[in-house]
Amino acid sequence: MSSENLPQSPEQQLRKPRVAVVFGGRSSEHAISVVTAGAVLRSIDRTKYDVLPIGITADGRWALTADEPDRMGIADRRLPSVEDLAESTEGDVVLSVDPGNREVVYSEQGSVPKALGEVDVVFPVLHGPYGEDGTLQGLLELSGVPYVGAGVLASAVGQDKEYMKRVFLSYGLPVGPYEVIRPREWQLDPSAAREKIVDFAAEHGWPIFVKPARAGSSMGITKVEALEGLEDAIEEAQRHDPKILVESLLRGREIECGVLEFEDGPRASVPAEIPPVTSHEFYDFEAKYIDAATGLVPAPLTEEQTAEVQRLAVEAFDAVSCEGLVRADFFLTEDGGFVINEINTMPGFTPISMYPRMWQESGVGYPELIDRLIQAALRRPTGLR
């Protein structure tokens, strides 16, 4: 019997739902996940939920961490880590994979395992591989624990920019020119793989963007102006992912739109615009998180343009079978049409991040946004749905 069909014990009926906020992880976005978790822990309604913070270290160990949001921000350009917050360097947090048992246990070598109580829902604020890509979601499905956000398939597709674009194209969504170079192509014939990129640039023009196919937060992306910069860009992208994506430059305005799942289905927020960042080549990691460049909310668009980007954002959400939330990123090109660049199934979630800001402007404040996502997860069963 799956856990969602088990009758609740008297203890479960009396206590507040327990939310495990899981953060950190093995990806290059580890620090940003910690920052996001700090914002969620600071704002979650403690009168309504019990909270259990669980950090995943950069090498993949699950650790019991301090519930101290003020230690989880970027201070003096220094990025936080789970290792700084772990209560012990020896113990491990273990989630049962028995779908009839949602108990979390803390285990330390040489000591009796300590039960931390049952978890009713997981809020996974991990970004990138090993967290946002369906791997953690698969574990939670096996464990029978409800969780916030997209399921296994949508998370995997949303992480892999190649297959994301393939799905968008199959649903008739507008996508810009791109090329993919897979790891096997590099291994068998690296010269041919490079020539493939050069041919792409010759067809669509320089500059091009070289990026990891399965990373986020603008990690590993290089704007390449000419052939001379290509080798370094490939090397940088492959530091994050052996599979890389090459995209042409789309001239126009960067527009984002949030999607949130309500009881009657997904709805789109007011859109935002990311204006050009004069001190950076593009809206990269430094601009987003270190220099905290901000966008315009709402975006200065016509009513028709706003309606169109909201429609496309919801269509993208549905095309990938998303759940909970999505931030959809677009270009409004010089000819007046929207082109979808990508979706993020767990976007940056600090109060100054674009996704919460768009919903704030749409009438859903940050604490309410967190509550809506948790409640949606509690309503949704695990397993096939």
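Me: Where do Glu315 and Arg311 lie, and how many residues apart are they?
Reply: In general, an α-helix has 3.6 residues a turn, so residues three or four places apart point the same way. Here, Glu315 and Arg311 both sit in helix 11 (residues 303–319), four residues apart, about one turn of the helix. Helices are DSSP runs of H or I with at least four residues, strands are runs of E with at least two, and both are numbered from the N terminus. This is a predicted model: local features need pLDDT of at least 70, side-chain atom pairs count only at pLDDT 80 or more, and totals for chains, interfaces and linings use all residues. Residues are numbered from 1 along each chain as its sequence is written, and side-chain values use heavy atoms, leaving out hydrogens and water.

Me: What joins the side chains of Glu315 and Arg311?
Reply: A salt bridge, at 2.5 Å from N to O. The term means a side-chain nitrogen of Lys or Arg within 4 Å of a carboxyl oxygen of Asp or Glu. Glu315 is partly exposed at 32% relative accessible area. Arg311 is partly exposed too, at 38%. The scale runs: buried under 20% relative accessible area, exposed over 50%, partly exposed in between (1.4 Å probe, protein chains only).

Me: How many salt bridges does a search of the whole structure find?
Reply: It finds 34. One of them joins Lys16 and Asp50, at 3.5 Å from N to O. Lys16 is in the loop between helix 1 (10–14) and strand 1, and Asp50 is in strand 2, so the pair ties together parts 34 residues apart in sequence. Lys16 is partly exposed, at 30%. Asp50 is partly exposed, at 25%.

Me: Are Glu256 and Arg327 buried or exposed?
Reply: Glu256 and Arg327 are both buried. They form a salt bridge, with the closest N and O atoms 3.6 Å apart. Glu256 lies in strand 12 (residues 252–262) and Arg327 in strand 15 (residues 325–333), so this pair links parts 71 residues apart in sequence.

Me: How do I read a sheet? What is the strand order in the open sheet of four strands?
Reply: Strands of a sheet pair through backbone hydrogen bonds, either parallel or antiparallel. Here the order is 3-2-1-7, with mixed pairing. Strand 3 (62–64) and strand 7 (121–124) are the edges, each pairing on one side only. Two strands count as paired if DSSP finds at least two bridges between them. Strand 2 (residues 50–56) and strand 3 run antiparallel, joined by three bridges. Ile56 stands opposite Trp62 in strand 3.

Me: Which helix lies across strand 1 and strand 7?
Reply: Helix 13 (residues 366–379), running at about 130 degrees to strand 7. Axes are lines fitted to C-alpha atoms, for helices over the stretch in contact (heavy atoms within 4.5 Å). Angles run from 0 to 180 degrees between N-to-C directions.

Me: Where does UniProt place the feature "active site"?
Reply: The unreviewed UniProt entry puts it at Glu29, Ser217 and Ser353. UniProt positions follow the numbering used here, feature names are shortened, and annotations may be inferred rather than shown by experiment. Glu29 is in the loop between strand 1 (18–24) and helix 2 (30–43). Glu29 counts as buried, at 4% relative accessibility. Ser353 is in the loop between strand 16 (338–344) and helix 12 (354–361). Ser353 is buried as well, at 12%.
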